[in-house]
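Please look over the sequence and the model below, and then follow the paragraphs from the overall picture to a few local details.

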Amino acid sequence: TWARPEYRQYVDAWVRADDFNSGELAVKDKGELYLPRTNPLDNSQAAQRRYESYLKRATFFPVVSRTLRGMVGTAFRKDPQIDLPTGLQYAIDDIDGCGVSIYQQSQRALNEVLLKDRCFLLVDYPPVEGGVSRADMATIRATVTLYRAESVINWRMTNGKLSLVVIKEYAEIEDDLQVETVERYRVLELVDGYYTVSLYDKAGELVAEPRQPQDASGRRFAEITGCFVGSTVNDVEIDSAPMNDIIGMNLAHYQIYADWRKVLFLAANPQPVTSGLTQEWRDYLEKSGTMIGSDANLLLPVDGDFKWAQINADQPLREELTALQEQMVAVGAKLLEKGGANVTARQVASEEAAEHSVLSLACSNVSDAYERCLEWMGMFMGASGKIEYRIATDYLQADIDPQMLQALVAAWQSGTIAKSDAREYLKRSGILDPARTDEDIDGESDANPPPVTLDG
C-alpha cells in the first residue's frame, strides 16, 4: 500500500482533473475544496445556509471537458492506421476482453494523457500451460487493460528497466443480490529476471498464487509487459499535464463566476432602509409591521426618510470573467499549435520536430505505446508479421485559397510538379482523403468524367 512521493505529490491534481472533466456535479459535490466560504470564521447555521445558496447559484462552465472532447475528436477525425497479423485481428474490435475496441481504448488513453500527463497500459494473459495453440486462440487471448494515473501507486526502475509496478484496483464480490467492492493490489515485478504477477488484498495477504506468464513457445517473459504513456515521453517520470493550465483557469473562472452571481443576486434584491426614526417610531413599526409597495402608505415621523440601498452590478468581476475566457481559448489553441514540442528519436526520424504540437506529440506517444503492447500480445498469441497502429497527427489543415489551388493546378499542368505531388499537397491540406490512393482517385475520375460545357 506504500505510495511513492511523486505519486503523493500529484494525486490531488489528478483527482482535481477528473472532477473538472466530470463537470458541475462533481465539482460542486466537493463544496469548499473548490469554492471557499466568503466568511470561513462564521460556522453558524445561518452561515451554512448562506453558503449552500451561494454554491447553488454558482455557475460552472465545462471548459475542460469540452476542450478535451474537441482535441480527442480532432485526433480521431481520421481513423488510425492499423495493420495487424491474423492472430491479433481480434484486438481491433475487442482489445480488453470486454468488447472495447482498440480505437475506443486509445481514445481513453489519449484523454488521460492530455488530462493528467500519464496512464499505464498492461498486457494481461490468461493462465495457460505452455504455448497457445491455434485452437486455443478462439477463447484464450492476450488483452490490454488501461489504468489511470492514480491507480499506479508505486514503481521502480532497475538498470534502466522497469522492475516493479504496484497497481491499486478494486474488485467486486457478489453475495446473493448484493455486491461488495474490495481493495486489491496487483504487483508486477521481475523475480529472478522473469516477469511475475501477484495479487494481494489490503491486509497484504495473497489472493492468488503468483504466476509467470509465458509466450507462445513456452518461454517466460524477461520484462514487465506494461508501459507508462506520457504527454512528452513514455517513461516513469511525471510531468505537468497539458490541460493543467486550463484546469487552473477553469477553477478561477468558477470561483469568480460564483462571486459574480452573488453580486447579481444582491443587486436584484435591494435593501430597504429607513432613517430618522425615534425609538417609539421604531418600536411601533416593528410591532405593527411595515408594508412596502405602491399600494401601501408608509407613515414616517418628521425628518424620517426611506430609501433603497442597492449595489452597482457593473463590477470588475465581469471584466475578469471575460479575460479568463479569452485566456482559456488561447491556451486551448496553443495545444494544437505546431512547434515547440519535444520529440523522441523515433518521431524525429519520421517527421520534423518543428511540426509537432502538444496534441500530435501525445498522439505519437499513445501510438508508440499501443504498438509495443501489440508486440507483447503477438508474442503470447504466436502472431508474427507487421504490427502498426498510428493515430493521425496531420490533423491541422493547411490554409488554401482559390488562388493557391489554381496555381497548384497550373504548376501540374505545366509539368513543373508531378500530379502525385499536387495530390500529396491536397491530402495534407485535408481536401483529399489521405487514405485514398492514386489508383482509387484515377479509377473514380475515369468512371465519372467531368461534364462537357458549352464554353469548354
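Two residues are said to be in contact when heavy atoms of theirs lie within 4.5 Å. In this predicted model, contacts between residues at least 6 apart in sequence can be sorted by how far along the chain the partners lie, and 64% of these contacts join residues at least 24 apart. The chain has 456 residues, of which 37% count as buried, and its secondary structure comes to 14 helices and 12 strands. Its accessible surface amounts to about 26,100 Å², with 49% of that area belonging to carbon and sulfur atoms.

Two helix pairs can now be followed, and helix α6, residues 102-116, takes part in the pair with α4 as well as in the pair with α11. Two packed helices are described by the angle between their axes and the distance between the axes. For α4, residues 63-75, and α6, the angle is about 130° and the axes are 10 Å apart, and the two helices are therefore oblique to each other. The crossing in which α4 passes α6 is right-handed. On the α4 side the contact is made by Val-64, Leu-68, Met-71, Val-72 and Ala-75, while α6 contributes Gln-107, Leu-110, Asn-111, Leu-114 and Leu-115. Sorted by class, the residues of this contact are 8 nonpolar and 2 polar, with no charged residue.

The second pair joins α6 to helix α11, residues 358-381, where the axes come within 10 Å and cross at roughly 130°, which means that α6 is oblique to α11. This crossing, too, is right-handed. Here Ile-102, Gln-105, Ser-106, Ala-109, Leu-110, Val-113 and Leu-114 of α6 meet Leu-359, Ala-362, Cys-363, Val-366, Tyr-370 and Leu-374 of α11. The contact of α6 with α11 holds 11 nonpolar and 2 polar residues, again with no charged one.

The last stop is at two loops between strands. Most residues other than glycine have a negative phi. Asn-159, however, has a positive phi near 55°, and this residue is found in the loop between β4 (152-158) and β5 (161-175). Is Asn-159 buried or exposed? Because its relative accessible area is 82%, and a value over 50% counts as exposed, Asn-159 is exposed. Asp-192 likewise has a positive phi near 55°, and its place is the loop between β6 (178-191) and β7 (194-201). With a relative accessibility of 73%, Asp-192 also counts as exposed.

Methods
Residues numbered from 1 in each chain as written. Predicted model: local features only at pLDDT ≥ 70, side-chain atom pairs only at ≥ 80, totals over all residues. Heavy atoms only, no water. Helix = DSSP H or I, 4+ residues; strand = E, 2+ residues; numbered from the N terminus. Buried < 20%, exposed > 50% of the residue type's maximum accessible area, 1.4 Å probe, protein only. Axes fitted to C-alpha atoms, helices over the stretch in contact; angles between N-to-C directions. Parallel < 35°, antiparallel > 145°, perpendicular 65-115°, else oblique. Left-handed = near helix turned anticlockwise from the far one by under 90°. Nonpolar A, V, L, I, M, F, W, Y, C, P; charged D, E, K, R; others polar. Areas by Shrake-Rupley, 256 points an atom, 1.4 Å probe, with all protein chains shown as cover.
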